[in-house]
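Work through the exercises below with the sequence and the structure open. Try each task before reading its solution.

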Amino acid sequence: MKLIWKFNLVLLGIFLLGFVIAGYISYRALQANAREEVLQNARLMMESALSSRNYTTTQVKPLLANQLKYVFLPQSVPAYAATEQFDELRKKHPDYTYKEATLNPSNPRNRAADWEADVVHMFRNAVAGGEVIGERDTPGGRSLYLARPIQVKSKACLDCHSTVEAAPKTMIDLYGAANGFGWKMEEVIGAQIVSVPMAVPVARAEKTLVAFMGSLALVFVAIFVLLNVMLYTMVIRRVTQLAGIADQVSLGNMDAGEFKSKSSDEIGVLTEAMGRMKASLVQAMKMLNA
Amino acid sequence: MTCSRNWLFLGLLLVSGVALAATGIGTVTLVEGSPRLLRGATWYKLAAGVRVDEADILAAGEGGQMQVAFANGSRANLAGGGLLYLVPASRTIPLALALHSGWLKLDAKTPGLRMRTESFDLVIAEGALVARAEAARADFFIESGRARVIELTRKGGDGPARDAKRGEYWAKPDDGAFTTADRVPKAFVQAMPRHFTDRLPALAEKAKAKPALVVDHEITYAEAQPWLAGSDRAVFERRFASRLRDPEFRKAVEPDIAHYPVWDRRLHPDKYAPKDAPAK
């Protein structure tokens, strides 16, 4: 087997092994990073929703308090404000969803679905702490969710949700008297849930992986080609030429050519040495013939 | 000694009367559109800072609104083409507002005020309400506090009285009894000027300027007619009598002169001249 084949086989093996190992490590790291990044974004969005809730409770609701005597304005409800604010955000980030999943809401759009109710019960039963992160299968693929409990911390909540009698009549006109009452202080009545389809972080990680592995392959190919060119021009071609002259000289053809090299590298030194050896051989042959 | 005390009392009364006349009973604090004020028989353009006085009539104008801060801290906002008469004070009623038509929001502060419509009076000590009047038909919603509803007798005296509580809506049709509801009807809210859903802002501190009144025009007979047909017709007949000097006004009055015997006597004295006594 020729030297170049041996060299290329070893090189290719090393490259392939490195490629697979790098790919595996990168894949795991990118998947973990993507998930973490999505979770961070989800947390940020959760905080943003929480800020909307607080802003509505402390600043918007007092301003609308008088108007509520005439007509119920959902804009004064923290959950409504947070959901609407998130809906605006979804225009640019449609993959994210936010819901104030509530077991007994006034507004039916906030009613918790089965899996959301399970999450709420985890908070209610103190199975979970301040945050639940999970994954679930949906018709649109696997989904990652981040949930935090909604707890009645302010008496302002009870203005509308304690009893039908105490609630603003304008609110009952809008939502009816059947739901959204009987809340108590410190009770966990629902959960804020931000959901992100897993396809989003996975696709993002895969895209990054493809870009990274593609770059790595390009680098490998470039190195492979460059090493082959260098091996051929700097070693194989010169050794082949040297071997051809040495072969002719060994057969007694002293006119086969000169061992000459302009380079001072190892092959150049070998060429010079062989040149001196040929000169010595010519001299010895002349002395024998005399 | 007693005599000098009496003079002192009269002097103080005179000074306080002059002071009251100079300050008025309230100040216009907010003007939107082209509200006007009728003082005597002359319409004036309104601006923030103008002092209003007893017997003034305020007109919000179509699409406009105006707000008055009264000396006792109460506030009134007139809108929806409203016409409001600031009834001269009496010994028992220091501040009374007669809503002739349109929409009025009141925010009464202690000791409160009295709001009058064609068919009932409302006595509000402390609280806010929104009222609408159209001739003898009127309705109102008690936003906060409570009010005493006094139905008026045919002669204009106080009739049966009841209490209206916060959150109640009362309606008095043209010819019928009060109907009430424990919430404000949608139709009422939809017809109501939008800003009435908010609390009336406290703007008295900002209305420090005292702009001069700018004459708009003298009252026409058409504008005077609703007042001349109302329960205070005698008062307004005297008040607008000066307009009889205007030939246009006189010409407009002539077809209805039979309704105004005082004016008829003035315009046609010959009709009332004593007939010559028969010769003996």
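**Exercise 1.** Which residues of H1(A) are buried?

Solution. The model is predicted: local features need pLDDT of at least 70, side-chain atom pairs count only at pLDDT 80 or more, and totals for chains, interfaces and linings use all residues. Residues are numbered from 1 along each chain as its sequence is written, while chains are lettered from A and ligands numbered from 1 in the order in which they are written.

Step 1. Find the helix. Helices (H or I, at least four residues) and strands (E, at least two) are DSSP runs, numbered from the N terminus. H1 of chain A covers residues 3-64.

Step 2. Apply the cut-offs. A residue is buried if 20 or more other C-beta atoms lie within 10 Å of its own, exposed if 12 or fewer, and partly exposed in between, with C-beta atoms placed from the backbone.

Step 3. The buried residues of H1(A) are Ala34(A), Val38(A), Ala42(A), Met45(A), Met46(A), Ala49(A), Ser52(A), Arg53(A) and Thr56(A).

Step 4. Look at what covers them. The cover includes helices H2 (78-90) and H6 (199-250) of chain A, together with strands E1 (97-102), E3 (141-151) and E4 (188-197) of chain A.

**Exercise 2.** Describe how H6(A) packs against H7(A).

Solution. Step 1. Axes are lines fitted to C-alpha atoms, for helices over the stretch in contact, and angles run from 0 to 180 degrees between N-to-C directions. H6(A) and H7 (residues 266-289) of chain A pack at about 10°, and their axes are 11 Å apart.

Step 1. H6(A) is therefore roughly parallel to H7(A) (angles under 35 degrees count as roughly parallel).

Step 2. Two residues are in contact if their C-beta atoms, placed from the backbone, lie within 7 Å. H6(A) contributes Val235(A), Arg238(A), Val239(A), Leu242(A), Ala246(A) and Val249(A), and H7(A) contributes Ile267(A), Thr271(A), Met274(A) and Lys278(A).

Step 3. The contact residues divide into seven nonpolar, one polar and two charged. Here Ala, Val, Leu, Ile, Met, Phe, Trp, Tyr, Cys and Pro count as nonpolar, Asp, Glu, Lys and Arg as charged, and the others, Gly among them, as polar.

**Exercise 3.** Is Glu186(A) buried or exposed?

Solution. Step 1. Glu186(A) is in the loop between helix H5 (169-175) and E4 of chain A.

Step 1. Glu186(A) counts as exposed because it has 7 C-beta neighbours inside 10 Å.

Step 2. Check the backbone. Most residues other than glycine have a negative phi. Glu186(A), although not a glycine, has a positive phi of about 70°.

**Exercise 4.** What kind of peptide bond joins Thr110(B) and Pro111(B)?

Solution. Step 1. Pro111(B) is in the loop between strand E8 (96-108) and strand E9 (113-116) of chain B.

Step 1. The bond is cis, with omega about 10°.

How values were computed:
The expected span of a helix is 1.5 Å times one less than its number of residues. Angles under 35 degrees count as roughly parallel, over 145 as roughly antiparallel, 65 to 115 as roughly perpendicular and the rest as oblique.
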